[in-house]
Amino acid sequence: MLFGIQFTLSLVAYLLIAFWYVVPRLSVLPRELALVPLLWVHAFRVVGGTILAPGAVGPGVPMEFRTMIGYGDLITALLALLALIALRTRFQAAIALVWLCVIVGMVDTVNAIIQSMRFNVFTNALGVNWVIVTIYVPALLVSSLLIFMQLLGRKSSDTRG
């Protein structure tokens, strides 16, 4: 129950921040520039790799779960960094990389939530991973929503045709 309360309150707080402050500021930027701060949130998903460290969670958390979560976050972080570099260098496939990053990240996040329930991980010692899930995952979800909004609602600022 504590997890649900913390997660929900964090999600609501991030949604309020997003729609009161972030969306209005990003709406005046070209799509490629608006995507940058949203991708930076995902670049730090490397913190999810913490679950792979020995002793980071209790022994009751299955290695199958830990591996899936840890590597999913590390892969998404790498994709976010590649997308940021591609946007910065105006690489032609930059938007495709952003799509890949946000889709892989959402699949990983949704899968992590489902597998958390399947393996009943919140009954185990999670250490700092509890904070990651209750504070950082809601930020990832909101940032993903905003990325999807940018990708689906706006055209490229590129005027080269």
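**View 1. Ser 116 is a buried residue of helix 4.** Ser 116 counts as buried because its relative accessibility is 8% (buried means under 20% relative accessible area, exposed over 50%, and partly exposed in between, with a 1.4 Å probe and protein chains only). Helix 4 holds this serine; helices (H or I, at least four residues) and strands (E, at least two) are DSSP runs numbered from the N terminus. Leaving aside residues up to four places away in sequence, Ser 116 touches Phe 65, Val 121 and Phe 122, where contact means heavy atoms within 4.5 Å. The model is predicted: local features need pLDDT of at least 70, side-chain atom pairs count only at pLDDT 80 or more, and totals for chains, interfaces and linings use all residues. Residues are numbered from 1 along each chain as its sequence is written, and side-chain values use heavy atoms, with hydrogens and water left out.

**View 2. Helix 2 crosses helix 4 with a left-handed sense.** The axes of helix 2 (residues 31-43) and helix 4 (residues 94-118) come within 12 Å and cross at roughly 35°. Axes are lines fitted to C-alpha atoms, for helices over the stretch in contact, and angles run from 0 to 180 degrees between N-to-C directions. The crossing is left-handed (the near helix is turned anticlockwise from the far one by less than a right angle; clockwise is right-handed). Helix 2 contributes Arg 31, Glu 32, Leu 35 and Leu 39 to the contact, and helix 4 contributes Ile 95, Val 98 and Cys 101. By class, this contact has five nonpolar, no polar and two charged residues; Ala, Val, Leu, Ile, Met, Phe, Trp, Tyr, Cys and Pro count as nonpolar, Asp, Glu, Lys and Arg as charged, and the others, Gly among them, as polar.

**View 3. Helix 1 bends at Ala 18.** Helix 1 (residues 2-26) has 25 residues and spans 34 Å from its first C-alpha to its last, close to the 36 Å expected at 1.5 Å a residue (the expected span is 1.5 Å times one less than the number of residues). The bend at Ala 18 is about 40°, taken as the angle between axes fitted to the seven residues ending there and the seven starting there. Ala 18 is also one of the buried residues of helix 1, with Phe 7, Ser 10 and Leu 26. These buried residues pack against helix 2 and helix 5 (128-153).

**View 4. Helix 1 and helix 5 make a right-handed crossing.** Their axes come within 9 Å and cross at roughly 35°. The contact of helix 1 with helix 5 divides into 22 nonpolar, four polar and no charged residues.

**View 5. Arg 90 follows helix 3.** Helix 3 has 26 residues and reaches 37 Å between its first and last C-alpha, close to the 38 Å expected at 1.5 Å a residue. Arg 90 is found in the loop between helix 3 and helix 4, and its phi is near 60°, a positive value in a residue other than glycine. Arg 90 counts as exposed because its relative accessibility is 70%.

**View 6. Asn 120 sits in the loop between helix 4 and helix 5.** Although Asn 120 is not a glycine, its phi is positive, about 50°. With a relative accessible area of 44%, Asn 120 is partly exposed.
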